[in-house]
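Visitor: I'd like to learn how to read this model. Can you walk me through it?

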Amino acid sequence: MTRVQRNLCRCLVVLVCLVFPLAVAQAQDNDAFIQYRQKVMTSNGANLGAIGDILKNKLPYEQHIGVHAQEIQRMSTLIPSAFKKETAAGKTDAKPEIWKEWDKFTAAADAMGREAAELATVAQGGNMEAISAQVKKLSDACGNCHKPYRKPKEESYKNKS
Ligand code: HEC
């Protein structure tokens, strides 16, 4: 080995040592962001699911519907910052379109927030038909964002080992 070659070798070793841990740290970092935003969504799923249970099984919790709706309304305000970090790789169903169409994505979060706030108001009236109709509008607002920005079930990370 010439001196130049030896130096090149050393340089490479140093580079790999520096870059590899950085790449690992970056991956862990992304996973943490993904897990967090999925928990925000899981909370939406739990609250909408609870409302569905109350209606479907005629549980004596009509008073709870407004509270669940308020929780979803609050979550809508967290969606923009929870998804700000651009990462569509790994254990996630987020589509890259989110960050290409950021304004549309956040508008879909706002729309969900408005439907949830409306449900909280309608729930106070106690009219079950009106409540059911507003629940439908709210769940449509979830779908309006999932359709363009979330991978369909068949492609979900949950089906991959
Ligand atoms: C502004 C867009 C948007 C709105 C509005 C929205 N979601 Fe989501 N949701 C997403 C995206 C994107 C993902 C995929 C996140 C990921 O895997 O990183 C997701 C994932 C989920 C998940 C799966 C979480 C997991 O652990 O993988 C559930 C459950 C969910 N959403 C429920 C809801 C419900 C219920 C509503 C309405 C009350 C709703 N979402 C409204 C964008 C949205």
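Guide: Let's start with burial. A residue is buried if 20 or more other C-beta atoms lie within 10 Å of its own, exposed if 12 or fewer, and partly exposed in between, with C-beta atoms placed from the backbone. In the protein chain, buried residues make up 17% of the 161 residues. This is a predicted model: local features need pLDDT of at least 70, side-chain atom pairs count only at pLDDT 80 or more, and totals for chains, interfaces and linings use all residues. Residues are numbered from 1 along each chain as its sequence is written.

Visitor: How many helices and strands does the protein chain have?

Guide: Helices (H or I, at least four residues) and strands (E, at least two) are DSSP runs, numbered from the N terminus. Here there are 5 helices and 0 strands.

Visitor: How do the axes of H2 and H4 cross?

Guide: Axes are lines fitted to C-alpha atoms, for helices over the stretch in contact, and angles run from 0 to 180 degrees between N-to-C directions. The axes of H2 and H4 come within 8 Å, crossing at roughly 165 degrees. So H2 is roughly antiparallel to H4 (angles over 145 degrees count that way).

Visitor: And which residues come nearest the ligand?

Guide: A residue is near a molecule if its C-beta atom, placed from the backbone, lies within 6 Å of it. Of the 24 residues around the ligand, Met41, Gly45, Thr92, Cys142 and Cys145 come nearest. H1 gives the largest share of that shell, 8 residues. H1 (3-56), H2 (62-82), H4 (102-125) and H5 (128-149) each supply at least two.

Note on methods
Angles under 35 degrees count as roughly parallel, over 145 as roughly antiparallel, 65 to 115 as roughly perpendicular and the rest as oblique.
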